[in-house]
Each structure stands twice: as C-alpha cells, then as structure tokens.
Amino acid sequence: MSEVFLKIDGALMPCPSVFEWGLQDISASESGRTDDTTMHKNRVGQKRKLSVGWNVPDWETSCKIIQAVNPEYVEVEYPDLLSGNKHEVRTFYVGDRSAPFKYWWYGNQRMESLKFDLIER
C-alpha cells in the first residue's frame, strides 16, 4: 500500500499533480517601517497555505475533490515541512476553486485542471 499524501476530512484524495507548501507570517497591525527605514515585522503568528492541483482529472475525480472541500472548514492531513511530520493534520478553509473543462464527449469528460488553495484557519 502506498503512503498517504493528502486526506481531506479523513477521505483519501488522489495524489495531486501540483502541491506547493507555503508559510505565511502574520504581523501585528502596528508593524511596518519606521523613519530610520528599519522594518519592525512584529510577527504574531504563522499559517500554512497549500496550493494544490490536479492535471486532467476525470469527472468523477473532480466531483469527489470539489465536494470534499465544499465545507467551510476541513481537516487536512498532509506532509508538513516546518514540523517535519509526514502526516500533519490541521484545519483549513479553501480559496477560490477553478476547473476549466477540457474534453466533453461520451465516455471522456475531463477537466483541463482542478486547482485551489487551502489556507490554515
């Protein structure tokens, strides 16, 4: 059995064609540069952002993925670089989803791609 790469709310997702791990710093509202040009970042937290995508998924796969990320918040299991855990579980919300249609004829309904960002709550 292959290793789990991505689960959403406990459901195994197909391995994505694109998986980009990102880390966003959250700065306090008073952060910024002072008159002496020194940056005062005042980091108050960090949040993960996962950009995921699938190339030419079929109709059933596309529906499964879109339905999995439809709730307001989802639990995502994924490999995390910062913690070093191959099976990190965190709560995310999903950004805009897009899936341009590529093929649409009997027996072959496919999207060109399916992609979205998962942003840590």
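How accessible is tryptophan 104, in relative terms? In this predicted model, tryptophan 104 has 48% relative accessibility and so counts as partly exposed.

## Nonpolar core

The largest nonpolar core holds 17 residues, and those touching the most other members are Ile8, Trp54, Val76, Phe92, Phe116 and Leu118. Two or more residues each come from strand E6 (43-55), helix H1 (59-68), strand E7 (74-78), strand E8 (88-94) and strand E11 (113-120).

Tryptophan 54 counts as buried because its relative accessibility is 4%, under the 20% limit. Leaving aside residues up to four places away in sequence, tryptophan 54 touches Leu6, Pro14, Cys15, Pro16, Ser17, Ile65, Ser113, Leu114 and Phe116. Phenylalanine 116 is also buried, with a relative accessible area of 3%.

## Helix H1

The buried residues of H1 are Ser62, Ile65 and Ala68. Viewed down the helix axis, the buried residues of H1 fall within an arc of 135°, so they line one face. In general, an α-helix has 3.6 residues a turn, so residues three or four places apart point the same way. The face of H1 turned away from the buried side carries the exposed residues Glu60 and Gln67.

The cover over the buried residues of H1 includes strand E1 (7-8), E6, E7, strand E10 (108-111) and E11. At the start of the helix, a side-chain oxygen of aspartate 58 comes to within 3.3 Å of the backbone nitrogen of glutamate 60.

## Aromatic pairs

The count of aromatic pairs comes to six. One of them joins tryptophan 54 and phenylalanine 116: the ring centres are 5.8 Å apart and the planes stand at 40°, so the pair is tilted. Tryptophan 54 belongs to strand E6 and phenylalanine 116 to strand E11, so this pair ties together parts that are 62 residues apart in sequence.

The rings of phenylalanine 101 and tryptophan 104 also form a tilted pair, because their centres are 5.4 Å apart and their planes are at 50°. Together with Trp59, Phe101 and Trp104 form one aromatic cluster. Elsewhere, the charged end of arginine 121 sits over the ring of tyrosine 73, 3.8 Å from the ring centre.

## Aspartate 80

Aspartate 80 is located in the loop between E7 and E8. With a relative accessibility of 3%, aspartate 80 counts as buried.

A polar contact of 2.8 Å links the side chain of aspartate 80 to that of tyrosine 78. Residues up to four places away in sequence aside, aspartate 80 touches Trp21, Arg48, Asn85 and Glu88.

Definitions and conventions:
Residues numbered from 1 in each chain as written. Predicted model: local features only at pLDDT ≥ 70, side-chain atom pairs only at ≥ 80, totals over all residues. Heavy atoms only, no water. Core = buried A, V, L, I, M, F, W, Y, C linked by side-chain atoms within 4.5 Å. Buried < 20%, exposed > 50% of the residue type's maximum accessible area, 1.4 Å probe, protein only. Helix = DSSP H or I, 4+ residues; strand = E, 2+ residues; numbered from the N terminus. Contact = heavy atoms within 4.5 Å. Arc of directions from axis to C-beta. Polar contact = N/O pair within 3.5 Å; in protein donor to acceptor, adjacent residues only side chain to side chain. Phe/Tyr/Trp six-rings, centres within 6.5 Å; stacked < 30°, edge-to-face > 60°. Lys NZ or Arg CZ within 6 Å of the ring centre and 35° of its normal.
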